[in-house]
Amino acid sequence: VDAAVFENGPAMILGEGIAYDRCQVGIVTDATCFEALGEFDIHNAEQLYHVLRTQVDFVQPEGAAVLNAADPLVARMAELCDGDVIFYGLTQDLPAIAAHRARGGRALYLRESRIMLATGAVEGPFMELPVFATNKDGTDSERAACLLAAVGAAVALDIPVETIRVGIDTFEQERKRPLRSRPRRVANQ
């Protein structure tokens, strides 16, 4: 096995633990919905923060945490990371992205239907926002944020830009392909 992807929601972390003790990339998308964790004595956002931070605590020094800059509790986790931090958000104007870039950090965000990748003050277009991350009103915020998190993980793993683009294009093409029905067997009568 060269790589494995695990999704660790807060209920899983609290109920079963995490199946590994270190990771190359840790992604935290949000620190919400603590209300569903009462059975674990989690009753507020600060307690949830301490649960979710474990994903950042497990990042190796040569790894990276990919963090949602739009969620202040998630953005606060950057200081806990032993490795690099890549922030992502729908806009470059988020305070966490601006402060991180001022310190030379990396960030992903959207501008005019493009995914932008910045390191400090240097920025450039990474790729066009794929169609699956839009809706009739423009950008589908939830899908675009998920895409930015996934791109952030790929960037953290030093996957070549062209390979990331091909992966996203392939994903988009698979979503467009109509479902094929199985041929039905007809018994002879």
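Visitor: How many salt bridges does the structure hold?
Guide: The structure holds nine salt bridges. A salt bridge is a side-chain nitrogen of Lys or Arg within 4 Å of a carboxyl oxygen of Asp or Glu. This is a predicted model: local features need pLDDT of at least 70, side-chain atom pairs count only at pLDDT 80 or more, and totals for chains, interfaces and linings use all residues. Residues are numbered from 1 along each chain as its sequence is written, and side-chain values use heavy atoms, with hydrogens and water left out.

Visitor: What makes arginine 22 and aspartate 82 a salt bridge?
Guide: Their side chains meet at 3.7 Å, N to O. The limit is 4 Å, so the pair counts. Arginine 22 is in the loop between α1 and β1, and aspartate 82 is in the loop between α3 and β3, 60 residues apart. Helices (H or I, at least four residues) and strands (E, at least two) are DSSP runs, numbered from the N terminus.

Visitor: Why is arginine 22 called partly exposed?
Guide: Its relative accessibility is 32%. Buried means under 20% relative accessible area, exposed over 50%, and partly exposed in between (1.4 Å probe, protein chains only). So arginine 22 counts as partly exposed.

Visitor: How do you know that aspartate 84 forms a salt bridge with arginine 106?
Guide: The closest N and O atoms are 2.7 Å apart. Aspartate 84 lies in strand β3 and arginine 106 in strand β4, so the pair ties together parts that are 22 residues apart in sequence.

Visitor: Is arginine 106 buried or exposed?
Guide: Arginine 106 has 19% relative accessibility. Under 20% is buried, so arginine 106 counts as buried. Aspartate 84, at 30%, counts as partly exposed.

Visitor: What separates aspartate 57 and arginine 53?
Guide: About one helical turn, because they are four residues apart in helix α2.

Visitor: Why is asparagine 68 called buried?
Guide: Its relative accessible area is 13%. The cut-off is under 20%, so asparagine 68 is buried. The place of asparagine 68 is in strand β2.

Visitor: What makes β4 and β5 a pair?
Guide: Two strands pair if DSSP finds at least two bridges between them. β4 and β5 have six bridges, in the antiparallel sense, so they pair. Leucine 108 stands opposite leucine 117 in β5.

Visitor: Why is one side of β1 left without a neighbour in the sheet?
Guide: The open sheet has six strands, in the order β1-β2-β3-β4-β5-β6. β1 and β6 stand at the edges, each with a single partner strand, so one side of each has no neighbour in the sheet.
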